[in-house]
Amino acid sequence: MEFVAPPETAKMPTLADVAALAGVSPATASRVINGSARVSQRARTQVESAVERLRYVPNRAAPRGGSIAALICEDDTRVFSDGSFARLLGGVRRELGDRRELVVLVTGVTGRCTTVSRFLRSGQTDGVLLIGAHDGPCAALRQAGIPVVLGGRPLHAMSLPYVDADDRGGACAAVDYLAGSGRRAIGTIAGPPDRAAGVNRLAGYRAAMAVHGATSPGLITYGDFRQASGEHAMNRLLDRRPDIDAVLAASDEMAVGALRALRRTGRRVPDDVAVVGFDDAPIAGRVRPRLTTVRRPIEEMGARMARELLGRIAGAPDRNVVLDTTLIIRDSA
C-alpha cells in the first residue's frame, strides 16, 4: 500500500475548480479535458469555457485514463496487521483490471483529513472507495464532489452508497445454531459500539436471543476486534456467568483470545463452552480447535465496491448492496 501526497496546487486552479465553475462533476470535467466521447455537448462546452476563463493547465503527470482512490480509515498498525484489508483490495484490483489505476491512501483519519481533501480536489482521481467510514473523510468527499462508495454500512446516516455484508443476519444464524445445539447460556464478545460492524453484530445476537426466549444478563462484553481484548472479555464473562456454555465473538481474532482464556481456566472447547467467531479470517482454520465462524465475502465485497463505483462514475444512481454471510461449521462449536 502506498500513501500518495497531493501536489502543491494552492495557487493554481484545479480540476475541481473547473468542475465547480462549469457546474459539472470533476469526473465529467476530467473526461472532457482528456478527450473522452462520453459527455454531452453542453457539458463539453461548459467545461471548455471554464478552462479558458480559469486558464487551467491540466496536470499531464496524472493518469490519463483516470484513477480510483481507496481511502482506508484506520491507523496504519491495524491496516498492516489485519489481512482483511489486503483481501478487500485484492477484490477491487481484480474487478478494475486494466481499466484504471488504483491509488491506495492509508490514513489515520483525524490527523489527515486536510491532506486527503487536497488530494481529492486536485482532480487526479475519478472516484473514491472509502473503507471504514468516518465523518471527517465523508465531509471531505462531499466537498470534493466526486463519486464515492463506502466499504461497510455507515454507523450514522451519511447519504452515501455502500457495499456491506449482512452482519446482523450472520450473528442471528450463529445464535440459532448454538441454541439448536442445546446451548442455553450464550454470551457474546461484541465489537466496539462506535463501529457499525460491532453494532450490527450485537443487534443480530440480541434479536436471535429474543426469538429463542433467552435472556442475556451478564452475557454481553465488549472488545476491540483484537485477540487481547477477546481474552480479557472472555475472562469477564466467566467471572460473571460461570455457567456460560457458548460464546459468539464479533471477530475471529477475539474468538482466538477467548479460546486462550478458556484453555487457561480448564474449560474444554466445545464440550464445556462452544465458541463461534466472525469473518472467517485465515487464522480460523489454523487455530486449534478450528473455529466455527461467520464468513463475510471479503473479496466479493471489494469487487462489488469497484463495480458500483465504476457505475457511479458513468452516471448510474446511488444504491446500497448487502451481501450474504455464511456460517462455516468447524470444530469449536
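These notebook entries record what I looked up in a predicted model.

**Entry 1: the nonpolar cores**

I began with the general point that nonpolar side chains in soluble globular proteins tend to be buried together. In this model I found that the largest nonpolar core has 45 residues. Among the residues with the most contacts inside this core are Ile-186, Tyr-205, Val-275 and Leu-291. I then listed the elements that give two or more residues to the core, including helix 8 (167–180), strand 6 (186–190), helix 9 (196–211) and helix 10 (227–240). Helix 11 gives the most, with seven residues. Apart from this core lies another, of 27 residues, among them Phe-85, Leu-89, Leu-129 and Val-163.

I next looked up Leu-291 by itself. Leaving aside neighbours within four places in sequence, Leu-291 is in contact with residues including Ala-255, Val-256, Leu-259, Val-275 and Ile-328.

**Entry 2: salt bridges**

I noted that side chains of opposite charge can pair when their charged atoms come close. The count of salt bridges in the model comes to 17.

I recorded Arg-153 as partly exposed, at 27% relative accessibility, and Asp-164 as buried, at 2%.

Glu-308 and Arg-304 form another salt bridge, at 3.1 Å from N to O. Both are in helix 13 (residues 298–313), and because they are four residues apart, about one helical turn separates them. Glu-308 is buried, with a relative accessible area of 9%.

In the salt bridge of Arg-312 with Asp-318, the closest N and O atoms are 2.6 Å apart. Arg-312 is partly exposed, at 22%, and Asp-318 is also partly exposed, at 42%. I also found one network, in which salt bridges that share partners join Arg-153, Asp-164, Asp-167, Arg-201, Asp-279 and Arg-296.

**Entry 3: the backbone**

Asp-279, a member of that network, is found in strand 9. Its phi is near 120°, a positive value in a residue other than glycine. Asp-280 has a positive phi too, near 60°, and is placed in the loop between strand 9 and helix 12. Asp-280 is buried, with a relative accessible area of 10%.

Lastly, I looked up cis peptide bonds. The bond from Val-269 to Pro-270 is cis, with omega near 10°, and Pro-270 lies in the loop between helix 11 (252–264) and strand 9 (274–279). A cis peptide bond also joins Arg-288 and Pro-289, with omega about -5°.

Technical notes:
Residues numbered from 1 in each chain as written. Predicted model: local features only at pLDDT ≥ 70, side-chain atom pairs only at ≥ 80, totals over all residues. Heavy atoms only, no water. Buried < 20%, exposed > 50% of the residue type's maximum accessible area, 1.4 Å probe, protein only. Core = buried A, V, L, I, M, F, W, Y, C linked by side-chain atoms within 4.5 Å. Contact = heavy atoms within 4.5 Å. Salt bridge = Lys/Arg side-chain N within 4 Å of Asp/Glu carboxyl O.
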